[in-house]
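Please prepare a short briefing on the structure below. Group the points by topic and give the cut-offs behind each term.

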Amino acid sequence: LLLTIFTLAVFALASEKVPPLVWRSCGRGSATVQSVALRPYPPVVGSNVDINILANLGKRVTGTSGSVKITWEGIDLIDLPDANVCELLEGLCPINSGTQRISETTEVPNILPPGAYTGKVDLKHLDGSPLACFEGSGYLAE
């Protein structure tokens, strides 16, 4: 369930004619997200998707807290006010400082509806200092 929630967040950050994957930074933190990519794009319900994030971390990440919000076609699907990405993706943390590529392959659950997704992820280190904030939109295909 937690991996599904994170997958939804990435679809939203990464979301007929398929709109492009669009994302942007929405705040300051010790991490600068340089790129977000999904392969294939758009992801297909019931198939695997590779999620790749390239980031420059100014501080080692041992755990996180923060919010994850996902909408589908304008309807709120997920609103997690205290998400821990390190728990969502077992084995992810700790992450050393410096330039890091975070990669994950996961199956897109069959229960997810196809369409346009938007989302925002706003994370803090366990000590409360800002880690990263990014938001975006993408699309999920049938």
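Strands β4 and β7 run antiparallel and are joined by 9 bridges. Strands here are DSSP runs of E with at least two residues, helices are runs of H or I with at least four residues, and both are numbered from the N terminus. Two strands count as paired if DSSP finds at least two bridges between them. The model is predicted, so local features need pLDDT of at least 70 and side-chain atom pairs count only at pLDDT 80 or more, while totals for chains, interfaces and linings use all residues. Residues are numbered from 1 along each chain as its sequence is written, and side-chain values use heavy atoms, with hydrogens and water left out.

- Gly-119 stands opposite Gly-136, which belongs to β8.
- The hairpin of β7 and β8 has 4 residues between the strands, and Gly-128 takes a positive phi near 95° in this hairpin.

**Thr-71 in β4**

- Thr-71 lies in β4, which covers residues 64–72.
- Its relative accessibility is 13%, so Thr-71 counts as buried; with a 1.4 Å probe and protein chains only, buried means under 20% relative accessible area, exposed means over 50%, and partly exposed is in between.
- The side chains of Thr-71 and Thr-118 are joined by a polar contact of 2.3 Å.
- A polar contact is a pair of N or O atoms within 3.5 Å; within protein, one atom must be able to donate a hydrogen and the other to accept it, and residues adjacent in sequence count only if both atoms are side-chain atoms.
- Apart from residues up to four places away in sequence, Thr-71 touches Asp-76, Leu-77, Ala-116, Tyr-117 and Thr-118, where contact means heavy atoms within 4.5 Å.

**Glu-135 in β8**

- Glu-135 is placed in β8, residues 130–140.
- The side chain of Glu-135 makes a polar contact of 2.2 Å with the side chain of Arg-24.
- The C-alpha atoms of Glu-135 and Val-22 are separated by 8.4 Å, although these residues are 113 apart along the chain.

**The open sheet**

- An open sheet is formed by 3 strands in the order β2-β3-β6, with antiparallel pairing.
- Its edge strands are β2 (31–39) and β6 (98–107), each of which pairs on one side only.
- Neighbouring strands of this sheet are turned by 15° against each other on average, direction ignored; the axes are lines fitted to C-alpha atoms, and angles run from 0 to 180 degrees between N-to-C directions.
- Strand β3 (residues 48–57) is joined to β6 by 10 bridges, and the two run antiparallel.
- Val-49 stands opposite Thr-106 of β6.

**Disulfides**

- The whole structure holds 2 disulfides, a disulfide being a pair of cysteine sulfur atoms within 2.5 Å.
- With bonded cysteines counted along the chain, the disulfides follow the pattern 1-4, 2-3.
- Cys-26 is joined to Cys-133 with an S to S distance of 1.9 Å, and this link is left-handed, with -85° about the S-S bond.
- Cys-26 lies in the loop between β1 (22–25) and β2, and Cys-133 lies in strand β8, so the pair ties together parts that are 107 residues apart in sequence.
- Cys-26 is partly exposed at 26% relative accessibility, whereas Cys-133 is buried at 6%.
- The sulfur atoms of Cys-86 and Cys-93 are 1.8 Å apart and form a disulfide, which is left-handed with -55° about the S-S bond.
- Cys-86 is buried, with a relative accessible area of 12%, and Cys-93 is partly exposed, with 22%.

**Nonpolar core**

- The largest nonpolar core has 28 residues, of which Leu-57, Val-61, Leu-131 and Leu-140 touch the most other members.
- At least two residues of this core come from each of β2, β3, β4, α2 (85–88), β7 (115–125) and β8.
- The element that gives the most to this core is β3, with 5 residues.
- A nonpolar core is a set of buried Ala, Val, Leu, Ile, Met, Phe, Trp, Tyr and Cys residues joined through side-chain atoms within 4.5 Å.
- Leaving aside neighbours within four places in sequence, Leu-57 is in contact with Ser-30, Ala-31, Ile-95, Asn-96, Ser-97, Gly-98 and Gln-100.
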